[in-house]
Amino acid sequence: SCSGLSVIAASFLMNEKQMEVTTVRCPVTPQLLPLFQTADDFFGTCTRYNLTDHQAEALQFAFLCRDRFWEHLKRSQYNGTRSPTQIRFDLTSFLTQYVWFKKA
């Protein structure tokens, strides 16, 4: 069961095969951890290159947005069946953080 879990914790458990994806009826939750893993791989690759000051600042801002998004998902509780939509967590605040991360 996902009751009491943060959104990112639920995503982690699903991706580690410690929770069945079928127990989470939200199509976004299982995709969150892979999104962060891909972003972290990208950031790791970028740091191997000699970046200009502008590129380094942009990368630092993107990483800051990534961290804010992660922290938001750690504080957001998975709502299970109490959500009126298919998305099982607060969609408005999620979209705000996601858009900032995406723009970065």
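**Entry 1. Helix α1**

I count a residue as buried when its relative accessible area is under 20%. The model I examined is a predicted one. With that cut-off I looked up helix α1, residues 7-15, and found Val 7, Ile 8, Ala 10, Ser 11 and Met 14 buried. These residues lie on the same side of α1, because they cover an arc of only 160° around the axis. I then asked which helices the buried residues of α1 pack against. The partners are α2 and α3. I also noted Lys 17, which follows α1 and has a positive phi, near 60°.

**Entry 2. Overall layout**

I recorded four helices and zero strands in the protein. Read from the N terminus, the order of elements is α-α-α-α. The protein has 104 residues, of which 33% are buried. I looked at contacts with a sequence separation of 6 or more, and 59% of them join residues 24 or more positions apart.

**Entry 3. α1 against α2**

I describe two packed helices by the angle between their axes and the distance between the axes. For α1 and α2, I noted an angle of about 85° and axes 7 Å apart. Angles of 65 to 115 degrees count as roughly perpendicular, so α1 is roughly perpendicular to α2. From α1 the contact takes Val 7, Ile 8, Ala 10, Ser 11, Phe 12, Met 14 and Asn 15. From α2 it takes Thr 29, Pro 30, Leu 32, Leu 33, Pro 34 and Phe 36.

**Entry 4. α2 against α3**

Helix α2 spans residues 29-46 and helix α3 residues 53-75; I noted a packing angle of about 160° and axes 11 Å apart. An angle over 145 degrees counts as roughly antiparallel, so α2 is roughly antiparallel to α3. The crossing of α2 past α3 is left-handed. On the α2 side I listed Leu 32, Leu 33, Leu 35, Phe 36, Asp 40, Phe 42, Phe 43 and Cys 46. On the α3 side they meet Leu 59, Ala 62, Phe 63, Arg 66, Phe 69, Trp 70 and Leu 73. The residues of the contact of α2 with α3 comprise 13 nonpolar, no polar and two charged.

**Entry 5. α3 against α4**

I next examined α3 and α4, which pack at an angle of about 160° with their axes 8 Å apart. They are therefore roughly antiparallel to each other. α3 passes α4 in a crossing that is left-handed. Which residues of α3 and α4 meet? From α3 I listed Phe 61, Ala 62, Cys 65, Arg 66, Arg 68, Phe 69, His 72 and Leu 73, and from α4 Ser 93, Phe 94, Gln 97, Tyr 98, Trp 100 and Phe 101. The classes in the contact of α3 with α4 are nine nonpolar, three polar and two charged.

**Entry 6. Two single residues**

I looked up Ser 76, which sits in the loop between α3 and α4 (91-103). Is Ser 76 buried or exposed? Ser 76 is buried, because its relative accessible area is 11%. Leaving aside residues up to four places away in sequence, I found that Ser 76 touches Leu 5, Ser 6 and Val 7.

I also looked up Ala 39, located in helix α2. Ala 39 counts as buried, since its relative accessibility is 11%. From Ala 39 to Phe 101 I noted 62 residues in sequence, and 10.0 Å in space, C-alpha to C-alpha.

Methods: Residues numbered from 1 in each chain as written. Predicted model: local features only at pLDDT ≥ 70, side-chain atom pairs only at ≥ 80, totals over all residues. Heavy atoms only, no water. Axes fitted to C-alpha atoms, helices over the stretch in contact; angles between N-to-C directions. Helix = DSSP H or I, 4+ residues; strand = E, 2+ residues; numbered from the N terminus. Parallel < 35°, antiparallel > 145°, perpendicular 65-115°, else oblique. Left-handed = near helix turned anticlockwise from the far one by under 90°. Contact = heavy atoms within 4.5 Å. Nonpolar A, V, L, I, M, F, W, Y, C, P; charged D, E, K, R; others polar. Buried < 20%, exposed > 50% of the residue type's maximum accessible area, 1.4 Å probe, protein only. Arc of directions from axis to C-beta.
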